[in-house]
Amino acid sequence: MGMSVTISAATEADAEQILKLQYLCYQSEAQLYGDYSIEPLTQSLESLRAELSGGTVLVARLGDEVVASVRGTTDPDGTAHIGKLIVHPRLRRHGLGGRLLAAIESRLAGEGAARRFELFTGHRSDHNLRLYRRHGYAPVTTRKVDERLTLVTLAKDTGAPSLTAV
């Protein structure tokens, strides 16, 4: 990648940068599905702040700039739900999404409660599907949301090997 990107826990001070990055990153998904009312584009700053305090949120920084982020929570049955994995468009295709995915998996597994990882993406999001499969995820369910979108849920056990070291 040729640059020094650091991954760390997000703080309250990162909320606005994360929300702006989220808005930028989900434009391509909205265009792909013809729907600009998707939750990542309508989420409020207050709602994002609640996620920061109620779950695990990681950011990748290039200097002071938040250039990527991911969120995760673990439910009582041991399923860690990973969501909103975003990478600034200018930094895509350099391995940062994989690094961030491995980091959130490590963090959630390290907290001891996670036995399985789950995430979802749209059926037309080929790059996302390839990334998740490369990291050991397999499709487990699909759910048709409407005529434009089918959500694909992918999962793997926490003991499954990842191709990327943390």
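What we are looking at is a predicted model, in which local features need pLDDT of at least 70 and side-chain atom pairs count only at pLDDT 80 or more, while totals for chains, interfaces and linings use all residues. Residues are numbered from 1 along each chain as its sequence is written, and side-chain values use heavy atoms, with hydrogens and water left out.

That pair belongs to the contact between E1 and strand E2 (residues 56-62), which run antiparallel and are joined by 5 bridges. Two strands are said to pair here if DSSP finds at least two bridges between them, and the elements themselves are DSSP runs numbered from the N terminus, with helices (H or I) of at least four residues and strands (E) of at least two.

Let me now widen the view to the sheet. It is an open sheet of 7 strands with mixed pairing, in the order E1-E2-E3-E4-E5-E7-E6. Its edge strands, each pairing on one side only, are strand E1 (5-9) and strand E6 (138-144). On average, and with direction ignored, neighbouring strands of this sheet are turned by 25 degrees against each other; axes are lines fitted to C-alpha atoms, for helices over the stretch in contact, and angles run from 0 to 180 degrees between N-to-C directions.

At the other end of that order, E6 and E7 pair in the antiparallel sense over 6 bridges, and a hairpin joins E6 to E7 through 5 residues. Within this pairing, Ala138 stands opposite Ala155 in E7. E7 also pairs with E5, again antiparallel, over 7 bridges, and there the bridge partner of Phe120 is Thr153 in E7. How much of E7 is covered? Of its 8 residues, 7 are buried, where buried means under 20% relative accessible area, exposed means over 50%, and partly exposed lies in between, with a 1.4 Å probe and protein chains only.

As for aromatic side chains, a search of the whole structure finds 1 aromatic pair. Tyr132 and Tyr137 form it in an edge-to-face arrangement, at 6.2 Å centre to centre and with 65 degrees between the planes. Rings of Phe, Tyr and Trp (its six-membered ring) pair if their centres lie within 6.5 Å, and planes under 30 degrees apart count as stacked, over 60 as edge-to-face and the rest as tilted. Tyr132 counts as buried because its relative accessibility is 7%, and Tyr137 is buried with a relative accessible area of 3%.

Finally, the protein as a whole, which comes to 6 helices and 7 strands. Its radius of gyration, taken over C-alpha atoms, is 15 Å, close to the 15 Å that the globule rule (2.2 Å times the number of residues to the power 0.38) gives for 166 residues, so the protein is as compact as a globular protein of that length. Of those 166 residues, 44% count as buried.
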